[in-house]
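The following note sets out some points on the pocket, the surface and the charged pairs of the structure below.

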Amino acid sequence: MYVQVIDDTVGHTLVSASTVEADLRSMKNTTADAEKLGEIVGKRLLEKNIDSVVFDRNGYIYHGIVKSIADGARKAGIKF
């Protein structure tokens, strides 16, 4: 799983998180781990003083893992 937050005006990635990262490799493709991944992205955004984003699900249906990532980011304090 991976999540990127991109500034579309300049095409620059602001923060990202992925289960490929060494400390996140133990995560599986479950909704619980997706929520944790969303929380990690949310915390990284808050560290950069970003508290509001637009959620682009890239055509995926808003349920399961996609919903869990959004829920995790909201839990961290990010507004959509």
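1. Helices and strands are DSSP runs, numbered from the N terminus. The model is predicted. Phe80 is found in the segment that follows helix H2 (64-76), and Phe80 counts as partly exposed because its relative accessibility is 36%. Together with Phe55 and Tyr62, Phe80 makes a nonpolar surface patch of about 250 Å².

2. The largest pocket has a volume of about 890 Å³. Its lining comprises 25 residues, and Val3, Gln4, Phe55, Asp56 and Arg57 lie nearest the centre. By type, the lining residues divide into 19 nonpolar, 3 polar and 3 charged. Strand E1 (2-7), helix H1 (31-47) and H2 each supply at least two lining residues; E1 gives the most, with 5 residues.

3. Across the whole structure, a search finds 7 salt bridges. One of them pairs Glu21 with Arg44, with the closest N and O atoms 3.0 Å apart. Glu21 lies in the loop between strand E2 (12-18) and H1, and Arg44 in helix H1, so the pair ties together parts that are 23 residues apart in sequence. Glu21 is partly exposed at 23% relative accessibility, and Arg44 is partly exposed at 24%.

4. Lys75 forms a salt bridge with Glu35, the closest N and O atoms lying 2.7 Å apart. This pair links distant parts of the chain, with Lys75 in helix H2 and Glu35 in helix H1, 40 residues apart. Lys75 is exposed at 55% relative accessible area, whereas Glu35 is partly exposed at 22%.

5. Within helix H2, Arg74 and Asp71 are 3 residues apart and therefore separated by about one helical turn. Their salt bridge has its closest N and O atoms 3.4 Å apart.

Technical notes. Residues are numbered from 1 along each chain as its sequence is written. This is a predicted model: local features need pLDDT of at least 70, side-chain atom pairs count only at pLDDT 80 or more; totals for chains, interfaces and linings use all residues. Side-chain values use heavy atoms; hydrogens and water are left out. Patches are made of residues with over 30% relative accessible area and no salt bridge: like charges are joined within 9 Å, nonpolar side chains (Val, Leu, Ile, Met, Phe, Trp, Tyr) within 5 Å. Accessible areas come from the Shrake-Rupley method with a 1.4 Å probe; for residues, only the protein chains shown count as cover. A salt bridge is a side-chain nitrogen of Lys or Arg within 4 Å of a carboxyl oxygen of Asp or Glu. Helices (H or I, at least four residues) and strands (E, at least two) are DSSP runs, numbered from the N terminus. Buried means under 20% relative accessible area, exposed over 50%, partly exposed in between (1.4 Å probe, protein chains only). On a 1 Å grid over the protein atoms alone, a cavity is a set of points where a 1.4 Å probe fits but cannot get out, and a pocket is an open set with protein on both sides within 12 Å along at least five of seven lines; lining residues have an atom within 4 Å of a point. Grid points are joined across faces, edges and corners, and a volume is the space filled by probe spheres set on the points. Ala, Val, Leu, Ile, Met, Phe, Trp, Tyr, Cys and Pro count as nonpolar, Asp, Glu, Lys and Arg as charged, and the others, Gly among them, as polar.
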